[in-house]
Structures are given as C-alpha cells and as structure tokens.
Amino acid sequence: MTYQSIGEPILVYALFKNGKLQPLSFKWRQRVYKIAKVTKTWSSPVGKYKLHHFGVMDTQENFYQLCYSEEDFTWTLIQTWNEG
Amino acid sequence: MERVILHVDMNAYFAAVAQATNPRLLGKPVLVAGSLGTRGVITCPSYEARKYGVRTGMTVPEGKRLCPQAIVVSADAHNYVTTSLRLRELFEQFTPQVENFSIDEAFLDITGTERLFGPPVQLANTIKRRIREEIADITCSVGIAPNRLLAKLASGIEKPDGLVVITKDKIAEVLEKTPVEEMCGIGPKLTYQLKMWGIKTCGQLSRFPVQTLERRFGKIGRYLHLMSKGEDRSEVPPYYYYEKVKSIGHSCTLQTDTHDREVVRRYLLQLSEQVARRLRQGSYQGKTITLVVRKPDMVTLVEQTTLKFFTDDGVQIFQTANKILNKYSIETLGVRLVGVSVSNLTHKVSQLSLFWRERRKQLLLKAMDVINDRFGDFSVTWGRLDLKNLHQNNLISPAWRPNKKIYFGNI
C-alpha cells in the first residue's frame, strides 16, 4: 500500500442535499475518479472559516482525502492511499 | 433511587478513527504518531499493533522494530476533535449529565432513564450501535455501576468492545482481587508506597487501618479507604457545568536536537504567542510563567517565575521565559523539546489602560487577534518569528474536553 501527500487543486462534482455536502466524483491530473463511498467527514478551522475534509473510496477501493474550503469554494486533494 | 453511571471508553481511539476514515487500514497494525520521522512518538497503536507489544509512548523506530509491517500515520487532531464532539452530542440525547473525562472517555448519569431508553444494558448497546451507525465504525467499552469510580473500573475489564456491569451486591467480590493500580486516582507512586506496606489489592487496602492511611497520606488516606470499598459520591455534572482552567501551555519537540540558542528562542517566541492568544481568547491573564526544556538525553528541566503583575502578552511571556532559558547553557546541553505555560490565572478585566504605552500595546494585541481570527493563526505576528518553519501542532492536550468553556469561581 502506498501513501502520497498531494496538496493539489481538483475539480469536484458534488451534491448539496438535506443540509449536507457530498462529493460524487473528482477530476485529478486529467483522470476522473468516481466516489463509491464517503467514509468520514470532519472539519478544521482556519480563521473564521472552515475546511471540510472528506475521506472517500473510489470503485477500486483506493482512499483519498478531499478538502473543501468554505472561504474560497475550492477543493484540494490532500492525500491518497492506494495499491502499488 | 440508586444511581446508574455509564463510563464509555473509546477503544484505541486515534487509531480507530484513522482506520474508520481510511478503510484500507482496517485489520492492519497502525501506529498513530505525532510525526512520521524517527523522532515521532506513538500516541496510539491499533489493537493489531498492540499484539506485537507496541505501546503508547514508544518512539516510531521502537514500534517498527516490534512490528515492522506497521503502518505509521500522522495524528490528525481535527478529525479526533470533530468525532469527539459528535460523540458528545450523541450522549446528550440520553442524558444532560455528560462529563467528558478526556477526548475519548465520558461518564453518563443515566439514573431514572429506564422508562425512556430501557434497562442500562440495553441503553449501553444502543449507544454502541448508534456510534457505529451514525458517527464512525469504531468501538467502545462500556462500564455500568452505581458510581463513577466503579463504572470506570468496569469499562477497563473487557476491551475492546466490552460491556461490564458491577452491581451493588458484587462490589466486594470484584474489588477483593482488583490490583490497587487499576483504580482511577492511584498512580505509580501511590501504588509503590502501598506495596511497601504489603497492600497489592483493593481487598487488602479495605482491611488496612484507615487511621494509619490518614497519618501517612492525610485526607487522601480516607479517600483511599473509601475507594477500596468502591465508595464514590462524586457527581456527574450537568452539561452546563464549566471547568475551571488552571493553566495554559504549549510545547513542541524540535525537528532536530539543537545547540543553537537562537533556534530555541524562535520556537519559544512562537509557543509564547500561542499561549498568549489562548489566554486572550479565554479572557485570562496569568502571573506564573513556567519554562520546560528537555535535553537530548530526555532529562527534563522545569523552572518557573511569578511576575508581580498579570499578563496576556506573548512578548512579556517570551521575555520572562527567555530569562529563565538564559540560565541554561544550551550550547553545551542541547535541546530536544521546549515548552512554556502560564498559570496562576485570573479573569481579565476588559478595560483599557490609562497609560498610553500600555494602551497602545493592548490595542495592537486586539488588532492582531481580530486579523488572526479572520484569516487564521499567525496571519500577522512578530517579525522575529520564522514563518517558513512554524511548528504545526497535530496533537491534542490531555486536558482538552469537548465543549470546554471558561469559568471562574465555584459552582
């Protein structure tokens, strides 16, 4: 299993439903990853805004940590854990 | 009505949260550490890692030697804090009397809730199930007993995912062979002193003359006697109870051991500023400044000074701590860890000074706080701080509690 710290901006398709934000898929380095499951969510404060973190698994059961900034509405891929 | 107290103790909490977040880690030996490097200390090994003898407090290299296949992950304080707050919200659905003993332990007074939520065992199983369904796939051990002391003892009997009940009629039987060190409040020093008298179990302690215990340990002697019999009248306070803060501090292990005084001073300035900011956020000021320095050989030096006035100014705290630091020959001894704390606290009176120099400083600090509240810590700070190498704190103070408010005075 390989861990990588990334910290790169990504494009995310997300659903806002019932007061919750749910990422559905994301595009990173020209490849689209479909999210099979959101494993956990948590938040961290930066000044008066929050970063919202999402632990997600894709269809190949690789793990990614996505982060949404409510200050500037951007998404970042924080880290990945995958086979190989 | 007889009291019913639950003690909920999350199992291998940091590691469990890491595994719930990243299911690829499930079933694998995981070491949660403050940092991933060779100086990292293991804050929580998973149960899979514990089978190899890995324990909290070991360094990462030590842990890897015992379990080479262990996966080391960096501690993520915000994830643990968020989860702990959600756990508390869940507990408060069953009773307003919830006391967080630490980030991963809580007491619940569920006396009189049977008509609403069923018998205590059913309620405990409901809590376990709802944690897994609604918060994260993590387990806890629950103890049920007539008081806090016994509930905590009970939760420690079966781990992980345990549920143990100590009823009133079973107390003497359970405590007869329970080692004294397993009672909350009896630490290694007290255990050693009791063993010198041939007291190893609670049963033996309960039969020991209480007058002798009082002569040796003072008031604590009587508490020991009561504890050995399983007696504890302490309450689980309601949710609105505020805990009095005694001190505020920060420390950090340097990336590498250093003999450079200027490097240590920069860390000390950052830590002093962090302490000062937390003081101001809580509307505190303090008089006693304590400096902690740990050498590369792990010997720790602690020294404090009490000022004649109260302060919440990071520069003042730094200057005081630096004066203490100047007594040590850093160049010869070397430094591995440095820390600073402020105690002897008082509630700050919100009033500007009449003296223009002091007034200007107060206004400057207030302006800095407003900017840092808006844009994040250290968005504006002292020029002397090395912003490129700011210490990032991934760890949680053992004193942190969810929803911990600030309060002065007795309730």
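Predicted model: local features only at pLDDT ≥ 70, side-chain atom pairs only at ≥ 80, totals over all residues.
**Conventions.** I number residues from 1 along each chain as written, and letter chains from A in the order written. Local features need pLDDT of at least 70 and side-chain atom pairs pLDDT 80 or more, while totals for chains, interfaces and linings use all residues.

**Helix α12(B).** I took helices (H or I, at least four residues) and strands (E, at least two) from DSSP runs, numbered from the N terminus. I looked up burial in α12 of chain B, residues 219-228. L224(B), H225(B), M227(B) and S228(B) are buried (20 or more other C-beta atoms, placed from the backbone, within 10 Å of the residue's own). Just after α12(B), I found G230(B) at a positive phi of about 80°.

**α4(B) against α6(B).** I checked α4 (77-91) and α6 (120-135) of chain B: their axes come within 11 Å and cross at roughly 130°. Axes are lines fitted to C-alpha atoms over the stretch in contact, with angles from 0 to 180 degrees between N-to-C directions. T83(B), R86(B), L87(B) and L90(B) of α4(B) meet R130(B), I131(B), E134(B) and I135(B) of α6(B). Contact means C-beta atoms, placed from the backbone, within 7 Å.

**Chain A against chain B.** I noted 13 residues from chain A and 15 residues from chain B in the contact. On the chain A side, β3(A) gives the most, with six residues.

Terms used
Buried ≥ 20, exposed ≤ 12 C-beta atoms within 10 Å, placed from the backbone. Contact = placed C-beta atoms within 7 Å.
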